[in-house]
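Here is a short briefing on one structure.

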Amino acid sequence: MDCLLINGHVNDKSRLGLPGSLRSKMDDSAARDDACREYQSSLEDLTFNSKPHINMLTILAEENLHFAKDIVAIIEAQISKVFINIEILKFQLES
């Protein structure tokens, strides 16, 4: 746990400033942002069928089950992006 040293005394940083429920919501939001950013970055690196990479994405998703809806949205967006790029490439090849 992060701590601050104030006047020679160690104080728990979580006790400073914010009420518990608000601090908890901010922590949850930061955790969701970090998990989503990490998952999206890793998913964007998947540019070919790679079992180790897919296994790693599966592990990341399992570690962040409480953000499942967000992870599913990231996967759906990536699939849409790939399909759009395929359609663009098809159109360019036909021209």
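Beyond its neighbours within four places in sequence, Ser42 is in contact (heavy atoms within 4.5 Å) with His53, Met56, Leu57 and Leu60. Ser42 sits in helix H1. The model is predicted: local features need pLDDT of at least 70, side-chain atom pairs count only at pLDDT 80 or more, and totals for chains, interfaces and linings use all residues. Residues are numbered from 1 along each chain as its sequence is written, and side-chain values use heavy atoms, with hydrogens and water left out.

- Ser42 counts as buried because its relative accessibility is 8%; buried means under 20% relative accessible area, exposed over 50% and partly exposed in between, with a 1.4 Å probe and protein chains only.
- Cys36 also has its place in helix H1.
- Cys36 has 15% relative accessibility, so Cys36 counts as buried.
- Not counting residues up to four places away in sequence, Cys36 touches Asp70 and Ile74.
- From Cys36 to Leu60 the separation is 24 residues in sequence and 9.8 Å in space, C-alpha to C-alpha.

**Nonpolar core**
- The largest nonpolar core consists of 7 residues: Cys36, Tyr39, Leu43, Leu57, Leu60, Ile71 and Ile74.
- H1, helix H2 (51-63) and H3 each contribute at least two residues to this core.
- H1 gives the most to this core, 3 residues.
- A nonpolar core here is a set of buried Ala, Val, Leu, Ile, Met, Phe, Trp, Tyr and Cys residues joined through side-chain atoms within 4.5 Å.
- Helices are DSSP runs (H or I, at least four residues), numbered from the N terminus.
- Leu43, leaving aside its neighbours within four places in sequence, contacts Leu57, Ile74, Ile75 and Gln78.

**Largest pocket**
- The largest pocket holds about 200 Å³ of space.
- A pocket is an open set of points on a 1 Å grid over the protein atoms alone, where a 1.4 Å probe fits, with protein on both sides within 12 Å along at least five of seven lines; lining residues have an atom within 4 Å of a point.
- Grid points are joined across faces, edges and corners, and the volume is the space filled by probe spheres set on the points.
- Its lining is Leu43, Glu44, Leu46, Thr47, Ile75, Gln78, Ile79, Lys81, Val82 and Asn85.
- Helix H1 (20-44) and helix H3 (68-94) each supply at least two lining residues.
- H3 gives the most to this lining, with 6 residues.
- The lining residues divide into 5 nonpolar, 3 polar and 2 charged.
- Nonpolar covers Ala, Val, Leu, Ile, Met, Phe, Trp, Tyr, Cys and Pro; charged covers Asp, Glu, Lys and Arg; the others, Gly among them, are polar.
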